[in-house]
Amino acid sequence: MLYLEFLFLLIMLYIGSRFGGVGLGVVSGIGLLIEVFVLRMPPSSPPIDVMLIIIAVVTCASILEAAGGLKYMLQIAERILRRNPKMVTILGPLVTYIMTLMLGTGHAVYTIMPIIGDVALKNGIRPERPMAAASVSSQLGITGSPISAAVVYYLTQIVELPGYEHVTLLSIVAVTIPATLAGVIMMSLYSLRRGKELKDDPEYQRRLQDPIWKDRIANTTSTTLNEALPSSARNAVLLFILALVIIVIVAIFPEVRTIGENKAISMGIIIQMMMLAFGGIILVATKTNPQTVPNGVVFKSGMVAMIAIFGIAWMSDTYFQYAMPSFKAGVTEMVQSYPWSFAFALFAVSVVINSQAATGRMMLPVGLAIGLPAPLLIGLLPATYGYFFIPNYPSDIATVNFDVTGTTKIGKYYFNHSFMVPGLIGVVTACFVGYTLAYAII
């Protein structure tokens, strides 16, 4: 019966994935209702902590965007790319990766992707090379960001384990940042020579023969450098960076967050407070109109992600808590013999539910319950990014549409798309490096 119920869980996740975003969350709500009232599973608690972290981070990042800070960061990134155009295949993915590390979300990629494509095209570089890698890098960077919900959730769970109370936010990102950065570099190096040159690419040559496409290709110019920004945009970025620095300092020194004789306040709570407070500080200091905050890309994408996680994590957690006694007995032997095989479980779940935070919220309790060591779980954290495998994620779809040359594409057989090989290289490399570093650091 448990296998049929697990199949039901996968079917609901698949149906939700066809709608994406909000649809994924509310369809999971249907699954939760059936689990509880038809299959008679006791409901677990909703993922409140993860949702609050997302709300706090997205709110602060959205105020940063409304204040012009995101455009200021974008102009800096564009200057770097245009000064080093021949290096766009290396620099493009690094730019999107760093933006994600800072913002805790990969949705800022929409603003920089047209510029990456423009720089590549104007320098005769196949746009697929930097663009596909940049899209993957923007999502891989989430598992390295100190303010991402996935990383913070791992921290809150790991420190509860006996013998791992010493683990800090810095400990985890000291593993995940080098690991994911290695993944970004390896996929960028692979991308340097991937695919045919533009002069030999049949799709690009076909578009050059089409008057409409030829006009679009000839006149495509994406730039933010001509847009004048107020000084408050730079100040907003500096304040946001200050918030990140303070979060790291507080993470390094637990005594700073120890109030009275109680134990130190959890980093999840600290990040919520810091992001909320600095959102207010940026709003006041830059005199940003609060009514413009919900109109930005970051706010809309972040709120959609929160709703998706709300339904996914609650439905999945309800099943796994109910099935854990039997599930543990069946999986423990395999994972104990081959601990690294847990990465496949993380990856497979992420392919379906399109979220590192939701994957962690769903699978980390499983890993802890079957006795996997904390260093292994932290080292395999990059495996929670597998949703490039099926090219239906918004950033991947947007990247395909931004490439006017047609070189970044979803293939005839669906799975032979531009993001597959860079994604596999990035995740596998990150897991190998993370696995090694975790046992040395944690």
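Buried means under 20% relative accessible area, exposed over 50%, and partly exposed in between, with a 1.4 Å probe and protein chains only. This is a predicted model, in which local features need pLDDT of at least 70 and side-chain atom pairs count only at pLDDT 80 or more, while totals for chains, interfaces and linings use all residues. Residues are numbered from 1 along each chain as its sequence is written, and side-chain values use heavy atoms, with hydrogens and water left out.

**Stop 1: the whole chain**

Show the cartoon. The protein has 19 helices and 0 strands; these are DSSP runs (helices H or I, at least four residues; strands E, at least two), numbered from the N terminus. The C-alpha trace spans about 65 × 50 × 45 Å along its principal axes. The radius of gyration is 22 Å, which agrees with the value near 22 Å for a compact globule of 442 residues. That radius is taken over C-alpha atoms, and the globule rule is 2.2 Å times the number of residues to the power 0.38.

Of the 442 residues, 55% are buried. Now think about contacts, meaning heavy atoms within 4.5 Å. Among those between residues at least 6 apart in sequence, 81% join residues at least 24 apart.

**Stop 2: the loops with positive phi**

Select Arg 40. Find it in the loop between helix H2 (22–37) and helix H3 (48–66). Arg 40 is exposed because its relative accessibility is 60%. Its phi is positive, about 65°, although Arg 40 is not a glycine. Most residues other than glycine have a negative phi.

Go on to Lys 287, in the loop between helix H13 (267–286) and H14. Here too phi is positive, about 55°, in a residue that is not a glycine. Is Lys 287 buried or exposed? At 76% relative accessibility, Lys 287 counts as exposed.

**Stop 3: the core**

Select Leu 81, Ile 112, Phe 240, Met 267, Ile 271 and Met 275. They touch the most other members of the largest nonpolar core, which has 131 residues. Helix H14 (residues 297–337) gives the most to this core, with 13 residues. A nonpolar core is a set of buried Ala, Val, Leu, Ile, Met, Phe, Trp, Tyr and Cys residues joined through side-chain atoms within 4.5 Å. In soluble globular proteins, nonpolar side chains tend to be buried together.

Zoom in on Leu 81. Leaving out residues up to four places away in sequence, Leu 81 touches Val 88, Leu 91, Gly 92, Val 95, Ile 112, Ile 115, Ile 116 and Val 119.

Next, pick Ala 179 in helix H9 (residues 169–191). Ala 179 is buried, with a relative accessible area of 0%. Which residues does Ala 179 touch, not counting those up to four places away in sequence? They are Ala 430, Val 433, Gly 434 and Leu 437.

**Stop 4: the salt bridges**

The structure holds 11 salt bridges. Each is a side-chain nitrogen of Lys or Arg within 4 Å of a carboxyl oxygen of Asp or Glu. Select Arg 82 and Asp 118, whose closest N and O atoms are 2.9 Å apart. Arg 82 lies in helix H4 (residues 69–83) and Asp 118 in helix H6 (residues 109–122), so this pair ties together parts that are 36 residues apart in sequence. Arg 82 is partly exposed at 28%, while Asp 118 is buried at 3%.

Move to Glu 128. This residue forms a salt bridge with Arg 126 (2.8 Å, N to O) and another with Arg 194 (3.5 Å between the closest N and O atoms). Glu 128 is in helix H7 (residues 128–140) and Arg 194 in the loop between H9 and helix H10 (202–209), 66 residues apart. Arg 126 is buried at 3%, Glu 128 at 5% and Arg 194 at 9%.
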